[in-house]
Amino acid sequence: MFDLDVRSRKPIYEQLVDKFKVLIINGVMKTDEQLPSVRVLAQQLTINPNTIQKAYRELESQGYIYSIKGKGSFVSETEHAVNSEKLAKVKTEFKELVSEALYLGMTAKELQNYITEIEKSIGGGEQDDSGQ
């Protein structure tokens, strides 16, 4: 289920958080689906249960899961969290691409015109209130 890199500089709990996010965002884990118990997952991955618990706390604070005392942890309804995560990623990629375009000689005005063309082609918002 999880392929953790023990030699990575990235802490194990962060790797777990990232893996769960991918499973949730891609719909592999569905809303209200129960996550494996801390004890079971720790045994399967042969890692400290505290590491699993830390990952679950992080996922809960980010809104990906919720916990019910005595029952376990479950996948939250994550439409908003998923959109926020994807939008943050798109913004980062967009910034990199715009920076590269500017470096290669594209002007800010050309970028604005290109964005306007894209917006029109996908049925984006009106440019003015006159309906033109």
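Asp-32 is partly exposed, with a relative accessible area of 47%. In this predicted model, Asp-32 sits in the loop between H1 and H2, and its phi is near 70°, a positive value in a residue other than glycine. Thr-46, in the loop between H2 and H3, also has a positive phi, near 50°.

**Loop residues with positive phi**

- Neither backbone value belongs to a glycine: phi is near 70° at Asp-32 and near 50° at Thr-46.

**Helix H1 against helix H3**

- The axes of H1 and H3 come within 8 Å of each other, with a crossing angle of roughly 50°.
- H1 is therefore oblique to H3.
- The handedness of this crossing is right-handed.
- On the H1 side, the contact is made by Ile-12, Tyr-13, Leu-16, Val-17, Phe-20 and Lys-21.
- On the H3 side, the residues are Thr-51, Ile-52, Lys-54, Ala-55, Tyr-56, Glu-58 and Leu-59.
- Sorted by class, the contact of H1 with H3 holds 9 nonpolar, 1 polar and 3 charged residues.

**Lys-21 in helix H1**

- Lys-21 belongs to helix H1, which covers residues 12-25.
- With a relative accessible area of 11%, Lys-21 is buried, because the limit for that class is under 20%.
- Beyond its neighbours within four places in sequence, Lys-21 is in contact with Leu-59, Gln-62, Tyr-64 and Glu-85.
- Leu-59 is also listed among the H3 residues that make the contact with H1.

**Helix H2 against helix H3**

- Helix H2 spans residues 38-45 and helix H3 spans residues 49-61; their axes come within 8 Å and cross at roughly 120°.
- This angle makes H2 oblique to H3.
- H2 passes H3 in a right-handed crossing.
- H2 contributes Val-38, Leu-41, Ala-42 and Leu-45 to the contact, and H3 contributes Pro-49, Ile-52, Gln-53 and Tyr-56.
- The residues of the contact of H2 with H3 comprise 7 nonpolar, 1 polar and no charged.
- Ile-52 and Tyr-56 of H3 take part in the contact with H2, and both are also listed in the contact with H1.

**Arg-39 in helix H2**

- Arg-39 lies in helix H2.
- The relative accessible area of Arg-39 is 65%, so the residue is exposed.
- Arg-39 and Gln-53 are 14 residues apart along the chain, and their C-alpha atoms are separated by 9.3 Å.
- Gln-53 is one of the H3 residues in the contact with H2.

**Salt bridge**

- A search of the whole structure finds 1 salt bridge.
- The salt bridge joins Lys-10 and Asp-18, with 2.2 Å between the closest N and O atoms.
- Lys-10 has 36% relative accessibility and so counts as partly exposed.
- Asp-18, at 27% relative accessibility, likewise counts as partly exposed.

Technical notes
Residues are numbered from 1 along each chain as its sequence is written. This is a predicted model: local features need pLDDT of at least 70, side-chain atom pairs count only at pLDDT 80 or more; totals for chains, interfaces and linings use all residues. Side-chain values use heavy atoms; hydrogens and water are left out. A salt bridge is a side-chain nitrogen of Lys or Arg within 4 Å of a carboxyl oxygen of Asp or Glu. Buried means under 20% relative accessible area, exposed over 50%, partly exposed in between (1.4 Å probe, protein chains only). Axes are lines fitted to C-alpha atoms, for helices over the stretch in contact, and angles run from 0 to 180 degrees between N-to-C directions. Helices (H or I, at least four residues) and strands (E, at least two) are DSSP runs, numbered from the N terminus. Angles under 35 degrees count as roughly parallel, over 145 as roughly antiparallel, 65 to 115 as roughly perpendicular and the rest as oblique. A crossing is left-handed if the near helix is turned anticlockwise from the far one by less than a right angle, and right-handed if clockwise. Contact means heavy atoms within 4.5 Å. Ala, Val, Leu, Ile, Met, Phe, Trp, Tyr, Cys and Pro count as nonpolar, Asp, Glu, Lys and Arg as charged, and the others, Gly among them, as polar.
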